[in-house]
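Here is a short report on one protein chain. Look at the structure first, then read on.

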Amino acid sequence: MAQSKLDSRAGREELVAGGEGLISLGKEELVAALVLAEQAPVVAPSFSGDRALLAQFQRRPPCMSFLVVPINSWASGGHAMEPPRSPTAAMLSISPPVDFVLGATACCMACVFTNPLEVVKTRLQLQGELRSRGTYPRHYRGVLHAMVAVSRADGLRGLQKGLTAGLLYQGLMNGVRFFFYSHAEDIGLTQQPGGTIVAGAVAGALGAFVGSPAYLVKTHLQAQTLAAIAVGHQHNHQSVSSAFETIYKKQGLLGLWRGVNGAVPRVMVGSAVQLATFASAKEWVRKQKWFKEDSWMVALAGGMISSVAVAVAMTPFDVVSTRLYNQPVDELGMGKHYRGFFDCVVQVTGKEGVLALYKGLGPAYLRLGPHTILSLLFWDELRKFTYQLQGA
């Protein structure tokens, strides 16, 4: 049954139903489903064929999300790139530890391009904190206005505030997620009913937990600006290293994980919605025949459509996470604004209104699709480059 599906394009895509990252190896073509940068990785629960061979293909960076594209057709403008002389050999020659590094590196490279949207999102989410609409000055009025305001106040470099901490977060989070998920595959958890979702959720939660200190510092740095357009509490860190040092000296080791209770559910919810929506969104785009069937634009369009649901579901958790990370603390290290996740939700909705939970929705949505595509393309190029070095 599974082998007959592998013999046709429709059959192969059916095996990737639900956004699950099945990597199906046919005789002539490899179709890979790769899982997103800030979400949890998954692999389809069933496959008939050479399982040892499949296992090697399944070890891929967790930053690659919900994309189903032929390996030899990733290209710009819809034109197929020249594939390696032996795609299969190239894939198999890269060991899992090296792939861990390549995947994290690809996500970090994508972060360089999408970080300005993170800065804008953070500012919008902190604007008017615990104040009713109309009682505070709006320094940022949408994505474009916010980018212009940041550039004028802090220079173009201001759009890359927190980049170093963001790169550290991407590396830590994706490294931990990939390591845990790879282990879950080895022990057979992903082959059990619902195992892929459980493993993906746990891997994402662990990644968010380990990377939380870096995300905390990133939020502090991205919120910092001139007093004239400042929003939220200003921590006034001089650098990434001084931020870690200051937080540790004032709040101890636990202070570095303050706000993690908002980050973990954020990642888990985003992952669940992503898995539930991408496959159907991409299939719908493919049926519309707007692009060539093997064009990377099909995956991008599907990702942007799926990102609507992901952004709507995840933004409230994102707002709460940003507020918990950025709030000032007392001498005991306790938050001065919020006691925890649920207290933050209650206060934000009570004082700012329910729609306040969707502050920053625009930049959050605009970031999701491009970040995934960039991560995917960078990962592919890094793997080809590594293969060339090994063959030299």
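## Overall make-up

The protein chain has 13 helices and 3 strands. Helices (H or I, at least four residues) and strands (E, at least two) are DSSP runs, numbered from the N terminus. This is a predicted model, in which local features need pLDDT of at least 70 and side-chain atom pairs count only at pLDDT 80 or more, while totals for chains, interfaces and linings use all residues. Residues are numbered from 1 along each chain as its sequence is written, and side-chain values use heavy atoms, with hydrogens and water left out.

The protein chain has 392 residues, and 54% of them are buried. Buried means under 20% relative accessible area, exposed means over 50%, and partly exposed lies in between (1.4 Å probe, protein chains only). Contact means heavy atoms within 4.5 Å. Take the contacts between residues at least 6 apart in sequence: 77% of them join residues at least 24 apart.

## Helix 11 and its annotation

Helix 11 covers residues 296-326. The UniProt annotation "transmembrane region", from an unreviewed entry, covers residues 296-317. UniProt positions are given in the numbering used here, feature names are shortened, and annotations may be inferred rather than shown by experiment. In the model, the span 296-317 is 100% helix and 0% strand. Its end C-alpha atoms lie 30 Å apart.

## Helix 11 against helix 8

How do the axes of helix 8 and helix 11 cross? They come within 9 Å and cross at roughly 80°. Axes are lines fitted to C-alpha atoms, for helices over the stretch in contact, and angles run from 0 to 180 degrees between N-to-C directions. Helix 8 and helix 11 are therefore roughly perpendicular to each other. The cut-offs are these: under 35 degrees is roughly parallel, over 145 roughly antiparallel, 65 to 115 roughly perpendicular, and the rest oblique.

Helix 8 (residues 195-223) brings S212, Y215, L216, T219, H220 and A223 to the contact. Helix 11 brings D318, T322, Y325 and N326. By class, this contact of helix 8 with helix 11 has 4 nonpolar, 5 polar and 1 charged residues. Ala, Val, Leu, Ile, Met, Phe, Trp, Tyr, Cys and Pro count as nonpolar, Asp, Glu, Lys and Arg as charged, and the others, Gly among them, as polar.

## Helix 11 against helix 12

Helix 11 also packs with helix 12 (residues 341-352). The angle is about 105°, and the axes are 10 Å apart. That makes helix 11 roughly perpendicular to helix 12. F317, V320, R323 and L324 of helix 11 meet F341, C344, V345, V348 and E352 of helix 12. The contact of helix 11 with helix 12 has 7 nonpolar, no polar and 2 charged residues. C344 counts as buried, at 0% relative accessibility.

F291 sits in the loop between helix 10 (260-288) and helix 11. F291 is partly exposed, with a relative accessible area of 31%. Leaving out residues up to four places away in sequence, F291 touches V285, M297, V298 and A301. F291 and A301 are 10 residues apart along the chain, and their C-alpha atoms are separated by 9.6 Å.

K289 is in the loop between helix 10 and helix 11. K289 is exposed, with a relative accessible area of 67%. Most residues other than glycine have a negative phi. K289 is not a glycine, yet its phi is positive, about 60°.

V231 lies in the loop between helix 8 and helix 9. Is V231 buried or exposed? V231 is buried, with a relative accessible area of 5%. Beyond its neighbours within four places in sequence, V231 is in contact with R123, L126, Q127, H139, Y140 and A223. V231 and L124 are 107 residues apart in sequence and 8.4 Å apart in space, C-alpha to C-alpha.

N236 is found in the loop between helix 8 and helix 9 (240-255). N236 counts as exposed, at 53% relative accessibility. Its phi is positive, near 55°.

## Cysteines

How many disulfides are there? The count comes to 0, where a disulfide is a pair of cysteine sulfur atoms within 2.5 Å. C111 is in no disulfide, and the nearest cysteine sulfur, that of C108, is 6.7 Å away. C111 is buried, with a relative accessible area of 5%.
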